[in-house]
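Colleague: I would like to go through the strand assignments and the terms behind them. Could you take my questions in turn?

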Amino acid sequence: MLHVFYSISAAVALVSNVFLLSLLVNPDPHPVGVQAAIWPKPAYACQGHRTVQVSSQFQFNLPQDAHPRLVEGAARYRNRIFNSDFVSPVPMSVEDAEAEDRSQVGTLELKSLAIDVEDRTGIIALGLGIDESYRLAIAYDEDPDAEFELDAAACKKIAKEPFGQGFKGILKAKTIYGALHGLETFSHLVTNNPHDGTREIAQTPLLVHDRPLFPHRGVLLDTSRNFLSMVSLYRTIDAMAMNKFNVFHWHIVDSPSFPIVLDDQVAGGEEADEDENEDSGRGDTESNEGETGEYVYKERKHKTQTSSRPNLPLSQLAAKGAFSDKMVYSKKEIIDFVDYAMNRGIRVIPEVDMPGHAWSWSKAFPEITTCLDGFPSYSRFSAEPPSGQLNPVHPKTYQVIQGVYDQVLPLFKDKFAHGGADEVNFNCWNTTASVTELMERKNIPRSKEGFDRILDEFTERQHGMLRQAGKRPIVWEEPLLAHDLKTIKKNKDTVVQVWTSAENIKKTVRQGHDVITGSADYWYMDCGFGDWLGNWTMGKSWCAYSDWQKAYSFNPLQGLNAKESKKVLGGEALLWGEQVDNTNLDTKLWPRASAVAEVLWSGNSDDSSTGLWDGRKQHKNTLRTIEALNRINEHRFRMEAENILAEPLQPLWCVKNPGHCNWPILDTKPEDTES
């Protein structure tokens with residue numbers, strides 16, 4: 001465990017009794033002044049015009065009973081603040097520079113930041129909807145014993161006044177995860193003076209009230225199409241924390257490879273009765289996180305001992321389905337990774353895609369797969385090579401799925417699991433004798449409606465396994481919108497991930513489902529780099545490239561009313577792996593994914609009741625891209641200083657001369673001439 005200084009000082013005592021009264025009773029002050037260079041932009045902030053120095057002996061003051069995650073986090077952020085050589089290349093604006101008062105630099109130091117968390121034990125589990133808010137103040141109080149009262153109006157009033165001796169920093173949050181976000185924000189405020197190496201904070205006094213717009217703010221990485229090392233995955237978690245993302249969607253198994261190392265299943269064990277009532281998947285499970293951070297699943301009341309699990313050589317899935325024995329993930333690696341992410345406030349949700357995208361299962365279990373590698377015409381059976389789907393009528397299919405879930409799902413502590421179910425190819429099943437023979441025996445027509453029924457039965461059994469393990473299912477949009485599956489329509493708690501259009505978001509929420517967004521037109525980070533098919537001379541990508549400004553312009557709530565908007569849990573930046581590996585992961589993802597992070601945290605418009613830009617109703621200048629450019633440029637260099645190889649957004653001259661690389665004011669922009 002990393003060491004951190006504990007100080008039970010008057011500042012800590014003050015926190016528990018006299019913390020900012022206005023913060024407690026007025027959570028929504030009107031923003032005042034210019035925002036600090038924080039990414040993502042805080043929900044509300046005000047600041048003054050005075051630079052103060054951060055003491056070389058600076059410490060985070062934590063209560064003695066602080067949760068280990070907060071203790072470790074405080075040590076981690078102190079290390080970043082004092083060991084980073086980051087110097088922002090983005091200058092302060094002329095107006096701010098002229099207003100900034102540096103007269104007390106060197107005479108008045110910030111010696112500590114007192115941290116107060118209501119849920120000190122961390123008994124509140126990291127999960128969807130957890131309180132991630134925080135309140136950060138760097139200001140003063142002339143009377144150390146007086147209540148610390150600073151609101152937006154007071155912040156503006158004292159902006160030019162010198163600090164008294166009661167100068168201090170306070171961070172308050174309801175949970176350790178809100179506190180971690182506050183520490184991230186604080187680290188963005190501290191700058192390195194390149195002349196003498198001291199640390200400073202400009203534009204104080206500072207007051208930040210912050211909380212996210214959406215509870216689900218994720219990044220999807222695909223580790224099946226090209227292998228990503230644990231080093232790359234850990235680095236991605238670090239970058240996500242810097243952007244206040246809170247969900248890592250791990251698309252871990254797909255057609256090209258099965259990289260999870262499993263143990264062989266030995267006969268014996270407990271199996272749920274397949275004949276339990278059909279409503280078996282309606283939320284009869286709960287999970288809690290104890291003080292140790294371990295989840296305990298409360299099993300369904302009707303679980304019964306039936307038959308033994310069969311012997312299954314599940315170790316062969318990776319042995320034969322991974323690219324090599326070095327391109328795999330062990331159970332210990334996954335458990336350690338999940339803990340690492342949770343220590344940074346990030347949930348990890350696994351996705352083992354099925355029943356499509358299943359070629360990688362075939363080497364170990366050829367009997368449960370079909371339509372394998374339809375070379376040279378894979379498109380008959382799949383959206384991309386290699387083709388392969390699970391056989392939905394073979395009894396062993398469900399034994400293998402259950403065996404995989406028995407070992408994979410306990411590795412992930414979150415209450416959600418992604419079931420996949422995208423791009424299921426019915427022509428594959430229509431050319432599989434065992435499937436068509438069963439359909440004939442049961443008088444199921446070999447039509448779309450008939451194959452929808454087969455897929456529905458598969459999904460019902462698959463989701464039953466997920467729910468039995470205490471997981472709430474997530475699916476891609478196709479089962480609901482393309483196949484109209486009864487098991488999805490019946491179980492309204494199934495979350496639907498919409499990857500196409502805003503219109504499909506509306507269709508989904510109107511059917512009563514929670515939605516995770518991630519439009520391919522805006523938030524697919526892999527699009528626009530050319531195709532990867534070897535004999536296509538046009539080399540065009542199926543989807544267009546999204547620069548950071550296009551990604552920033554997406555509104556997940558477009559066209560929804562207030563009631564419908566509540567069904568949108570958030571969204572994800574998605575990076576599919578066809579052309580991504582360890583060599584280019586960072587540049588494909590960052591800092592464009594940072595634009596997604598800000599949309600999901602605080603929106604993309606200051607001139608909107610929702611914080612989101614409604615392109616049909618608002619003038620395009622109310623989109624916050626011009627104001628955001630300097631901040632995202634600075635944030636890109638901040639990430640680079642932390643060994644995140646984020647790509648540049650502009651020539652460095654433009655970064656150092658803000659505003660001088662905008663479109664010429666007398667010229668017409670291309671989009672202004674579009675019909």
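Modeller: Before that, the model is predicted, so local features need pLDDT of at least 70 and side-chain atom pairs pLDDT 80 or more, while totals for chains, interfaces and linings use all residues. Numbering starts from 1 along each chain as its sequence is written, and side-chain values use heavy atoms, without hydrogens or water.

Colleague: Why is β18 called mostly covered?

Modeller: Buried means under 20% relative accessible area, with exposed over 50% and partly exposed in between (1.4 Å probe, protein chains only). In strand β18, residues 568-575, eight of eight residues are buried. Strands here are DSSP runs of E, at least two residues, and helices runs of H or I, at least four, numbered from the N terminus.

Colleague: Which strand is joined to β18 by three bridges?

Modeller: Strand β17 (residues 515-517), also parallel. V515 stands opposite V568, and I516 has G570 as its bridge partner.

Colleague: How do the eight strands of the closed barrel run?

Modeller: The order is β7-β8-β11-β14-β15-β16-β17-β18, with parallel pairing. The twist averages 30° from one strand to the next, with angles taken from 0 to 180 degrees between N-to-C directions of lines fitted to C-alpha atoms, for helices over the stretch in contact.

Key. Pairing = 2+ DSSP bridges.
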